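Dear colleague,

I am passing on to you the structure shown below. The notes that follow set out what was found in it.

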Amino acid sequence: MRPQVELSLATIEERLALSNLYQLYVHDFTDFIAMELGRDGRFVYDPLPSYWTEPNRFPHFISADGQLVGFSLVKKGADFSGDSQIWDMADFFVIRGARRRGIGYSAAVQTWERFPGPWEVRVMTTNEPALQFWKRAISRFKGETTEPVLVTKADETRWIFLFDSRSPTL
């Protein structure tokens with residue numbers, strides 16, 4: 001039986017829980033890139049404050065069967081492509097113990113349905129598990145194989161998935 005997945009908007013009062021989850025997310029990224037660990041034992045990178053101050057940013061918790069298992073951070077306007085009208089899956093995370101049970105897919109679909117329109121999902125070239133997850137999830141959602149394009153901006157190269165959540169094909 002599939003878990004019941006819920007996507008809920010995180011409030012400013014819940015920012016500590018989101019910050020704690022973000023630390024786990026960044027820890028997972030250390031498999032792919034070097035990240036600085038501060039003297040307090042926390043990773044230095046933290047983009048979360050802007051989710052409480054900028055109007056086009058939307059932080060969500062992901063719960064499965066009532067248990068907190070991750071987050072979805074969405075913003076209007078994609079930094080990488082430069083398109084101000086596109087929805088950007090800025091960060092997305094499901095804890096390791098909740099993976100491979102359909103939770104990530106269900107949360108992604110709920111996110112895309114909550115923000116209908118054109119989307120950009122980008123993946124680091126070194127993060128093969130994320131690339132495979134997004135390829136499967138987006139293809140399943142769209143009902144057709146969806147391939148990313150390789151895009152370089154400044155000194156960064158990312159796989160980019162572009163699609164529209166309102167229609168079967170872009």
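This is a predicted model: local features need pLDDT of at least 70, side-chain atom pairs count only at pLDDT 80 or more; totals for chains, interfaces and linings use all residues.

**Helix H1 and its surroundings**

H1 itself covers residues 15-29, 15 residues in number, and spans 21 Å between its first and last C-alpha, close to the 21 Å expected at 1.5 Å a residue. The buried residues in H1 are Leu18, Ser19, Leu21, Tyr22, Gln23, Tyr25, Val26, Asp28 and Phe29.

Gly38 lies in the loop that runs between H1 and H2. Its relative accessibility is 19%, and Gly38 therefore counts as buried, the cut-off being under 20%. Between Gly38 and Leu131 there are 93 residues of separation in sequence, and their C-alpha atoms are 29 Å apart in space.

**The pair H3 and H4**

Helix H3 (residues 103-114) and helix H4 (residues 128-142) have axes that come within 10 Å and cross at roughly 55°. The two helices are therefore oblique to each other, and their crossing is right-handed. On the H3 side, the contact is made by Gly104, Tyr105, Ala108, Val109, Trp112 and Glu113. H4 contributes Phe133, Trp134, Ala137, Ile138, Arg140 and Phe141. Sorted by class, the residues of this contact are nine nonpolar, one polar and two charged.

With kind regards

Definitions and conventions
Residues are numbered from 1 along each chain as its sequence is written. Side-chain values use heavy atoms; hydrogens and water are left out. Helices (H or I, at least four residues) and strands (E, at least two) are DSSP runs, numbered from the N terminus. The expected span of a helix is 1.5 Å times one less than its number of residues. Buried means under 20% relative accessible area, exposed over 50%, partly exposed in between (1.4 Å probe, protein chains only). Axes are lines fitted to C-alpha atoms, for helices over the stretch in contact, and angles run from 0 to 180 degrees between N-to-C directions. Angles under 35 degrees count as roughly parallel, over 145 as roughly antiparallel, 65 to 115 as roughly perpendicular and the rest as oblique. A crossing is left-handed if the near helix is turned anticlockwise from the far one by less than a right angle, and right-handed if clockwise. Contact means heavy atoms within 4.5 Å. Ala, Val, Leu, Ile, Met, Phe, Trp, Tyr, Cys and Pro count as nonpolar, Asp, Glu, Lys and Arg as charged, and the others, Gly among them, as polar.
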